[in-house]
Structure formats: structure tokens, C-alpha cells
Amino acid sequence: MKQDSLRLYDYHVWANKRVFNHLKDLPNEVYRQEVKSVFSSLEQVVIHLFKTDVVWLCAMSDKNYEEIQQFVGKYSAEMENKTLEEMEREYLKFSEQYTDFLSSQDDLDANKTLKHPMHGQLETRISELVQHVVNHGTYHRGNITAMLRQLGYPGPSTDYIFYLYEKQGN
């Protein structure tokens, strides 16, 4: 199961890299252009994706709710007004921490207890949290594609099957 979780997370990073590369091929102003959608700009979706990844790595690392809020607050302040290229560098650096964390765990299916002030206590496993991170990323990469289409641009292809084909070709 550890390999499955690592592969899923690797897919998540692969798909996000494809989004970054696609966005870099578009005119610079598109990244911050206002869109009437779920998010006000592509930049806001990218920031949301990154912050959510931060939240879940913190949770997997046994940080409590208050610690996570402080950590995310720090990242939020740092992310504002970064260029797309700066966000990509930060994200890729952070994704290495994720991979290192997941690789260092003996059992990704061991029980994990999360406590949230509004949602209560959750009994889960790191492997399930990885699945959540990947699903969340897939959902918001779909937002990015929809927003790009609204702006008159195609979206990047980030389907899992294309990841598998690409990895098989290596």
C-alpha cells in the first residue's frame, strides 16, 4: 500500500507540474486575470491548492489545529503576490517534503486520529489522507481548466491515465 500512496502523490505532483507548465505558456497577465468563477483568478486557485497541501502534510505530521493554522498563515503571507514561477519553485520544494515524509513512514495504513474544533475527531489513515489530497487537487485542477476555457484558452491534460502512460514510457 505504501507504493500506491507514493504513486498517487507522485501523480498529484506530476499533474500540478503540468498545470504550472501550461500556465507559463500563456500570456503573463492570464495568471492574475479576474474570472467570474469559483475563484477570482487562476492565482487564487494555485494558492488554495498549495495551502491545502500544507494543511494535510501538517495533519499527517501530527500538528494540532492551532499549529496548522499558524503554519498556513505563515505560508499564506508568503504566497501573496508571488509570480507563477516563484509559486512553482515553492510548491516543488514543498512537494519534496511531502515525498520525504511519506517515504519515511513505516506504515501508511496505521491508524491516525485527527481533531478539528468544528468537525470533531476523525479516525483515519495517512493513505486515506493522501487520497484526499490527490482528489482535492484533481477537483481544483478541473476548476483551473474551466477558468482557462472561460478566458479562451485550453486547459492542460492532467488525467491519471496520461500520468501512467508517461511513467510507463520512462
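Colleague: Which residue, with a positive phi, follows H2?
Modeller: This model is predicted, so to speak of local features we need pLDDT of at least 70, side-chain atom pairs count only at pLDDT 80 or more, and totals for chains, interfaces and linings use all residues. Residues are numbered from 1 along each chain as its sequence is written, and side-chain values use heavy atoms, with hydrogens and water left out. Helices (H or I, at least four residues) and strands (E, at least two) are DSSP runs, numbered from the N terminus. Once H2 is over, a positive phi, near 70°, turns up at Asp 62.

Colleague: Is H2 mostly covered or uncovered, and how many of its residues are buried?
Modeller: H2 runs over residues 42-60, which makes 19 residues. Buried means under 20% relative accessible area, exposed over 50%, and partly exposed in between (1.4 Å probe, protein chains only). By that rule H2 is mostly covered, and its buried count is 14 of 19.

Colleague: What is the bridge partner of Lys 115 in E2?
Modeller: E1 (residues 111-116) and E2 (residues 120-125) pair in the antiparallel sense over 6 bridges; pairing takes at least two DSSP bridges between two strands. They form a hairpin, with 3 residues between them. Over in E2, Lys 115 has as its partner Gln 121.

Colleague: What radius of gyration does the protein have?
Modeller: That's taken over C-alpha atoms, and the globule rule is 2.2 Å times the number of residues to the power 0.38. For 170 residues, a compact globule would come out near 15 Å, which agrees with the protein's 16 Å.

Notes:
Expected span 1.5 Å × (residues − 1).
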